[in-house]
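For each of them, what value sits behind the word, and which cut-off does it meet?

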Amino acid sequence: MERKFTVLYGSETGTAQDLSEHIWRESKKYGFKVLPMDEYNPLELISEQNVLFVCATAGQGEEPENMKKFWKFLLKKSLPLDSLRDVNVAVLSLGDSSFPKFNWVGKRMSKRLLQLGARELIPIGLCDDQHDMGIAAVYIPFIRDMFAKMLELYPVPEGHEVPLKPRQFKWKVQILSDSKPETKQVWEQLPMIRACKTLKNIRTTHKDHFQDVRYINLEKQDLKWLPGDDYIVIL
């Protein structure tokens, strides 16, 4: 049986796209193709075998710009409720639990796909940027479980071993013989506490907004820093 798996992503800042391309590079044996949703013809969705949707949530629960047209099509009331009955789907959602509508886009996508009769390969993955391990805490086991399900549905042909095809890289790296050895940068951490006068402390977000973002202007000090240094301001 032919292995066919399509990855569609909706990305605002590029994270969902990078993640989708990483999945593609690791999984060429399944015949992946990776596209932003707005470059994909949604009419072809009914002829797909397996589709992974990687969705980011932008702003206050909004869908990314490059999936708006696709999402609008998917919400059409004229679509038959069994139109995706022959399609296996999985949804990997990227979000931030510090926002009220956490992973809103991915949750809505998953719900709508199931409404249209799609078969869920594995439960939706809800990545949280606030997790100690970042999105990897959900992304890594999600992809592992998804590939395991794929191998269950499409067993490796007898006599072959995984991977069926060599891994393909996006970049080709060549080491030059005349390259200079890497020099190590020794970082020095200097304890430095300075007291200074606060000239301005203005809230820049609306008083009803859940995030308190401020513009702070401190009295000029003779401070020196290098790229990578951190300063902590205690008011």
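**Labels and their cut-offs**

Q: Tyrosine 40 and phenylalanine 70: buried or exposed?
A: Tyrosine 40 is buried, and phenylalanine 70 is too. Buried means under 20% relative accessible area, exposed means over 50%, and partly exposed is in between (1.4 Å probe, protein chains only).

Q: What should I keep in mind about the model and its numbering?
A: This is a predicted model, with residues numbered from 1 along each chain as its sequence is written. Local features need pLDDT of at least 70 and side-chain atom pairs count only at pLDDT 80 or more, while totals for chains, interfaces and linings use all residues; side-chain values use heavy atoms, with hydrogens and water left out.

Q: How many aromatic pairs are there?
A: A search of the whole structure turns up two. Tyrosine 40 and phenylalanine 70 form one of them, at 6.4 Å centre to centre with 55° between the planes. To count as a pair, rings of Phe, Tyr and Trp (its six-membered ring) need centres within 6.5 Å; planes under 30 degrees apart are stacked, over 60 edge-to-face, and the rest tilted. The 6.4 Å passes and 55° falls in the rest, so this pair is tilted.

Q: Why is the pair of phenylalanine 53 and phenylalanine 70 called tilted?
A: Their ring centres are 6.1 Å apart and the planes meet at 45°, so the pair goes under tilted. Phenylalanine 53 lies in strand 3 and phenylalanine 70 in helix 2, so this pair ties together parts 17 residues apart in sequence. Tyr40, Phe53 and Phe70 form one aromatic cluster.

Q: Why does phenylalanine 53 count as buried?
A: Its relative accessibility is 0%, so the buried label applies. Across the pairing, phenylalanine 53 stands opposite valine 91 in strand 4.

Q: How do you know that strand 3 pairs with strand 4?
A: Two strands pair if DSSP finds at least two bridges between them. Seven bridges join strand 3 to strand 4, and they run parallel. Strand 1 (residues 5–10) is also joined to strand 3 (residues 50–56), by five bridges and again in parallel; valine 7 has leucine 52 as its bridge partner there.

Q: What makes strand 4 "largely enclosed"?
A: Eight of its eight residues are buried, so the rest of the structure largely encloses it. In a regular strand, side chains alternate between the two faces of the sheet. Both faces of strand 4 are covered: Asn88, Ala90, Leu92 and Leu94 on one side, Val89, Val91, Ser93 and Gly95 on the other.

Q: Why is glycine 95 called buried?
A: Its relative accessible area is 13%, so it passes the under 20% cut-off. Contact means heavy atoms within 4.5 Å, and glycine 95 touches Phe102, Asn103, Cys127, Asp128 and Asp129, leaving aside residues up to four places away in sequence.

Q: Which residue lies over the face of tryptophan 104?
A: Lysine 101 does, at 5.4 Å from the ring centre. The rule wants NZ of Lys or CZ of Arg within 6 Å of the ring centre and within 35 degrees of the ring normal.

Q: How many disulfides are there?
A: The count is zero, where a disulfide is a pair of cysteine sulfur atoms within 2.5 Å. As for individual cysteines, cysteine 127 is buried at 0%, whereas cysteine 196, at 31%, is partly exposed.

Note on methods:
Helix = DSSP H or I, 4+ residues; strand = E, 2+ residues; numbered from the N terminus.
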